[in-house]
Amino acid sequence: MLENTSHTTSFLLTGYEETGDLQYLYFLLILLVYMLTIAANTVIICVICVESSLHEPMYMFLCSLQVNGLYGSTALCPALLVNILSDSHEISHTACLIQIYCLTTYGMCEFLTLAVMGYDRYVSICHPFYYSTIMRPKRVYKLIALTWLLVFAEFTVMIVISAQLKLCRRAIEKVYCDNYSVVRLACDDITINNIIGSILSIAFTVCPLLLILYSYLQILRVCLKSSSASRSKALNTCVPHLVTVIHFFVASLFELFQSRFNMQHIPLIIRVLLSVQFLILPPLLNPIIYGFRSKKLTEKVKKVLCKQLTFPNL
């Protein structure tokens with residue numbers, strides 16, 4: 001029996017069993033959220049790329065964040081939509097590993113991008129006279145490229161190790177695949193996987209968070225010494241970033257606890273909804289929290305949309 005099950009070719013996502021008669025409602029909600037996410041993120045990405053006046057560090061990092069949002073939501077939502085209406089909730093081993101790779105790199109890239117954005121705000125507020133020198137365009141592009149390349153390179157090692165495991169079980173109590181849920185199904189010793197997973201979790205969650213906290217402590221110190229007008233302006237640019245960081249970190253923390261510890265005392269439907277919102281809501285809320293709260297960006301969005309509506313063939 002062990003010989004037969006150690007070569008698992010597919011997994012069963014048991015989280016869909018809780019949808020019941022509400023599957024069509026969940027389908028419509030996810031479809032609506034996904035369409036809004038694509039529309040909002042695409043608009044901001046296009047406007048930032050088209051408008052040369054927005055080629056500033058803050059907006060370039062925001063553009064990278066929006067691209068990552070599209071990447072993460074596209075790695076999850078289409079699969080959710082198909083599986084919700086399907087009678088079979090199986091996913092092949094290969095498709096599961098691809099989904100793990102995409103969703104995990106999305107989360108890691110989100111944290112690193114938020115950390116870089118926090119550093120950008122720190123330099124802008126705490127060292128305004130050196131800002132243009134420190135955050136030169138070439139350095140901004142290098143930071144964005146490094147964020148993406150580092151994430152993909154690091155997790156490629158992890159996914160290759162996970163792919164080598166022999167698996168004895170195939171049921172995953174979620175609506176999508178994640179690395180630790182698959183690792184727990186292994187017949188082999190998973191000590192190496194746990195060590196590497198813990199190192200990556202610290203490197204891509206705790207370290208960026210510490211950088212963000214340091215940046216904002218320095219910003220707070222400067223704000224306390226500034227005039228009320230300067231303090232108000234600084235807070236206006238920092239609050240959206242802090243809201244995003246807190247939400248994403250708390251959601252990530254729950255997902256980490258759910259994967260690593262026994263959460264059976266929490267109903268499965270609650271666990272499923274909380275794990276899904278961690279991946280679905282940030283890509284939808286980021287354009288609202290960041291993009292449409294920026295007066296400059298909002299004006300550019302209106303300008304581009306009005307131009308397209310007036311001259312649709314251009």
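Biologist: Is Phe248 buried or exposed, and what is its relative accessible area?

Modeller: This is a predicted model, in which local features need pLDDT of at least 70 and side-chain atom pairs count only at pLDDT 80 or more, while totals for chains, interfaces and linings use all residues. Residues are numbered from 1 along each chain as its sequence is written, and side-chain values use heavy atoms, with hydrogens and water left out. Buried means under 20% relative accessible area, exposed over 50%, and partly exposed in between, with a 1.4 Å probe and protein chains only. Phe248 has a relative accessible area of 1%, so Phe248 is buried.

Biologist: Which aromatic pair does Phe111 form with Phe248, and at what angle between the planes?

Modeller: Rings of Phe, Tyr and Trp (its six-membered ring) pair if their centres lie within 6.5 Å, and planes under 30 degrees apart count as stacked, over 60 as edge-to-face and the rest as tilted. Phe111 and Phe248 are edge-to-face, at 5.0 Å centre to centre and 65 degrees between the planes. Helices (H or I, at least four residues) and strands (E, at least two) are DSSP runs, numbered from the N terminus. Because Phe111 lies in helix α4 and Phe248 in helix α9, the pair ties together parts that are 137 residues apart in sequence. Phe111 counts as buried, at 4% relative accessibility.

Biologist: How many aromatic pairs does the structure hold?

Modeller: The structure holds nine aromatic pairs. Among them, Tyr106 and Phe248 form an edge-to-face pair with 6.2 Å centre to centre and 90 degrees between the planes. Tyr106 belongs to helix α4 (residues 93-126) and Phe248 to helix α9 (residues 228-260), so this pair ties together parts 142 residues apart in sequence. Tyr106 is buried, with a relative accessible area of 0%. One aromatic cluster is formed by Tyr71, Tyr101, Trp148, Phe152 and Phe155.

Biologist: Where is Leu167 found?

Modeller: Leu167 is found in the loop between α6 (137-163) and β3 (171-172), and Leu167 is buried, with a relative accessible area of 2%. From Leu167 to Val183 the separation is 16 residues in sequence and 8.1 Å in space, C-alpha to C-alpha.

Biologist: Is Ile202 buried or partly exposed?

Modeller: Ile202, which lies in helix α8 (residues 191-225), counts as partly exposed because its relative accessibility is 47%.
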